[in-house]
Amino acid sequence: MTDALLADTETRPVDPAATWWRQAAVYQIYPRSFADANGDGLGDIPGVLSRADYLAELGIDAVWLSPFYPSALADGGYDVADYRNIDPRLGTLSDFDAMVTALHERDIRVVVDIVPNHTSDLHEWFQEALRAGRGSAARERYIFREGAGADGELPPTDWVSAFGGPAWTRVDDGQWYLHSFAREQPDLNWAHPEVREDFLTTLRFWSDRGVDGFRIDVAHMLTKDLTEPLPSREELAQIPRDGNHPLLDRDDVHEVYAEWRSVFNEYDPPRTAVAEAWVETPERRAKYASAEGLGQAFNFDLLEADFDAAQFHRIIDENLEQARTTGSSTTWVLSNHDVTRHATRYGLPPLGGRPVKQGVEWVAAGGPAEQLDREGGLRRARAATLFMLALPGSAYLYQGEELGLHEVAEISPEERQDPAFFRGGEFDGLGRDGCRVPLPWTGEGASFGFGAGGAHLPQPEWFARYAVDAESADPASTLSLYREALRLRHRLQSGETLEWTDTGRADVLRFTRPNGWQAVANFGTEPFDLGDDAADAVLASSPLIGTSLPAETTVWIAPQI
Ligand code: NOJ
């Protein structure tokens with residue numbers, strides 16, 4: 001194991017430069033929707049650079065940029081045509097270098113997204129595979145098979161893709177290729193040495209440019225056992241996901257990450273990585289977070305939970321326990337580019353264990369306008385965020401949540417872009433466009449200050465209220481809350497443990513960090529009396545009333561400040 005990963009913050013890290021990620025606040029930028037410097041309606045890298053001061057003032061430790069590579073945008077950039085370049089609509093490699101320099105000057109680390117399960121169908125390898133024909137070496141880099149039926153006219157199996165519809169597409173000469181997502185995203189063959197080698201080159205390419213870490217897209221899907229006969233969809237569903245499932249979370253994927261780890265450790269400080277791994281148990285997730293592998297894995301448990309004390313308590317305990325066993329630190333996520341924003345989720349009837357996916361919950365609740373409690377949702381979101389930011393481990397924030405943005409429902413079918421919306425399937429619902437609408441920077445002006453031109457997804461009128469300029473001027477705004485929380489978090493950050501205190505109420509949670517920093521969250525509808533501790537309150541998600549913590553509110557108590 002590397003010292004960097006083993007360092008225990010309770011005894012103080014050996015080299016803080018190598019352990020920055022353990023309790024970092026990481027801000028996810030969806031580049032096409034963050035800031036548009038050239039007015040073409042698409043956010044870009046110079047746009048990120050132009051907002052470097054905003055990011056510094058927000059107080060985050062790192063940004064994670066969703067894909068900015070050349071892409072036909074069949075899946076919002078997760079269809080990568082060239083892993084070692086910038087989409088010309090988003091800028092150039094020198095723009096990227098300038099952005100990294102500007103962020104580093106402000107002590108902000110840079111994490112980029114690596115999409116290894118599939119390329120774009122426009123990637124030169126896939127184009128070559130199409131041209132080279134069946135049986136060619138070029139087709140070996142992907143997963144091509146003959147079809148079923150008398151003339152191979154049926155897909156090799158009845159598997160469905162994550163976006164709905166068949167997981168196989170037929171090419172002109174009659175062969176079929178596998179795509180776990182959109183048909184424009186052919187799956188790579190990770191048994192192929194050239195595929196493995198090429199990603200090592202990509203990791204070095206970005207590390208050499210000063211990138212500090214990587215977020216690994218569907219890290220649990222790369223390796224596959226496609227020994228014939230292939231199982232049917234129904235058979236597949238019966239196979240336990242214990243490391244030997246043909247498609248998901250296979251043990252042999254960790255051989256890939258062990259190789260990646262040696263690349264990360266070529267650098268000083270070692271590059272970091274976080275796995276997006278949708279696996280079944282904490283034990284399976286721990287493998288991705290191991291020090292010999294990627295080092296950290298996303299924990300999406302809070303993102304899937306309701307605003308509910310018992311659920312939060314259980315999830316926090318489970319994940320801290322898991323972090324203890326892996327030696328990694330835990331990660332907390334309430335929103336990202338794939339799910340309905342948490343202000344909106346908490347304004348809808350509780351999920352009650354239903355999956356949280358791309359607006360399904362709105363549809364299930366009878367439609368956005370009818371069911372959404374905007375104010376209550378935001379109040380609960382602010383409380384949940386403040387509670388999350390006091391937890392040990394790293395916190396991942398998604399652009400726009402610092403403004404308290406709700407999901408945008410007002411997007412017509414013609415304006416939607418997400419393949420998940422058009423193809424249904426596992427992601428059935430409104431799709432993911434509602435959380436990807438370009439940010440409002442100013443209350444007035446073209447595209448609310450996103451750029452000098454339009455916005456590639458429509459921004460609703462109500463964005464004006466949430467614009468950065470309006471919120472910067474308001475000490476009670478969500479932006480002011482995030483800025484103050486992140487500033488205090490830096491000051492108060494402490495060892496990676498917590499101790500619970502029994503509050504005598506099932507709907508009120510309270511914990512203390514090793515240095516005495518406390519968070520108390522009232523998930524209930526009745527106020528909770530803080531007594532003398534109210535005098536040491538340093539920040540609250542809604543104003544305290546005397547010594548009383550109002551319903552659906554979190555407070556931080558820090559006697560040392
Ligand atoms: C997970 C990403 O977060 C999502 O946006 C994307 O559609 C799929 N992986 C496929 O790359």
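In which sense do E5 and strand E6 (residues 176-178) pair, and over how many bridges? The pairing is antiparallel and runs over 3 bridges. The legends below concern a predicted model, in which local features need pLDDT of at least 70 and side-chain atom pairs count only at pLDDT 80 or more, while totals for chains, interfaces and linings use all residues. Residues are numbered from 1 along each chain as its sequence is written, and side-chain values use heavy atoms, with hydrogens and water left out.

**View 1. The open sheet E4-E6-E5.** An open sheet is formed by 3 strands in the order E4-E6-E5, with antiparallel pairing. Strands here are DSSP runs of E with at least two residues, helices are DSSP runs of H or I with at least four residues, and both are numbered from the N terminus. Two strands pair if DSSP finds at least two bridges between them. Strand E4 (144-145) and strand E5 (168-170) are the edge strands, each pairing on one side only. Thr 169 has Tyr 177 in E6 as its bridge partner.

**View 2. Strand E8 and its pairing with E7.** Strand E7 (residues 213-216) and E8 pair in the parallel sense over 4 bridges. Ile 216 stands opposite Ala 275 in E8. In a regular strand the side chains alternate between the two faces of the sheet. In strand E8 (residues 272-275), Thr 272 and Val 274 point one way, whereas Ala 273 and Ala 275 point the other way. All of these E8 residues are buried. Relative accessible area sets the classes: buried means under 20%, exposed over 50%, and partly exposed in between (1.4 Å probe, protein chains only).

**View 3. The packing of helices H6 and H8.** The axes of helix H6 (residues 193-208) and helix H8 (residues 253-264) come within 10 Å and cross at roughly 30°. H6 is therefore roughly parallel to H8. The axes are lines fitted to C-alpha atoms, for helices over the stretch in contact, and angles run from 0 to 180 degrees between N-to-C directions. Angles under 35 degrees count as roughly parallel, over 145 as roughly antiparallel, 65 to 115 as roughly perpendicular, and the rest as oblique. The crossing of H6 with H8 is right-handed; that is, the near helix is turned clockwise from the far one by less than a right angle. On the H6 side, Arg 196, Phe 199, Leu 200, Leu 203 and Arg 204 take part, and they meet Glu 255, Val 256, Glu 259, Trp 260, Val 263 and Phe 264 in H8. Contact means heavy atoms within 4.5 Å. The residues of this contact divide into 7 nonpolar, no polar and 4 charged. Ala, Val, Leu, Ile, Met, Phe, Trp, Tyr, Cys and Pro count as nonpolar, Asp, Glu, Lys and Arg as charged, and the others, Gly among them, as polar.

View 4. Gln 296 is found in the loop between helix H9 (282-289) and helix H10 (309-326). Gln 296 counts as buried because its relative accessibility is 3%. Beyond its neighbours within four places in sequence, Gln 296 has contacts that include Trp 21, Ala 273, Val 274, Ala 275, Tyr 288 and Tyr 396. Arg 285 lies in helix H9 and is buried, with a relative accessible area of 11%. Its contacts, leaving aside neighbours within four places in sequence, are Val 279, Ala 297, Phe 298, Asn 299, Asp 301, Asn 319 and Gln 322. Arg 285 and Thr 326 are 41 residues apart in sequence, and their C-alpha atoms are 9.7 Å apart in space.

**View 5. Backbone features in loops.** The peptide bond from Glu 228 to Pro 229 is cis, with omega near -5°, and Pro 229 lies in the loop between E7 and helix H7 (233-238). The peptide bond from Asp 268 to Pro 269 is also cis, with omega near -5°; Pro 269 belongs to the loop between H8 and E8. Leu 73, a residue other than glycine, has a positive phi near 60°. Leu 73 is placed in the loop between strand E2 (62-65) and helix H4 (93-105) and is partly exposed, at 24% relative accessible area. Asp 249, in the loop between H7 and H8, has a positive phi of about 50° although it is not a glycine. Asp 249 is buried, with a relative accessible area of 1%.
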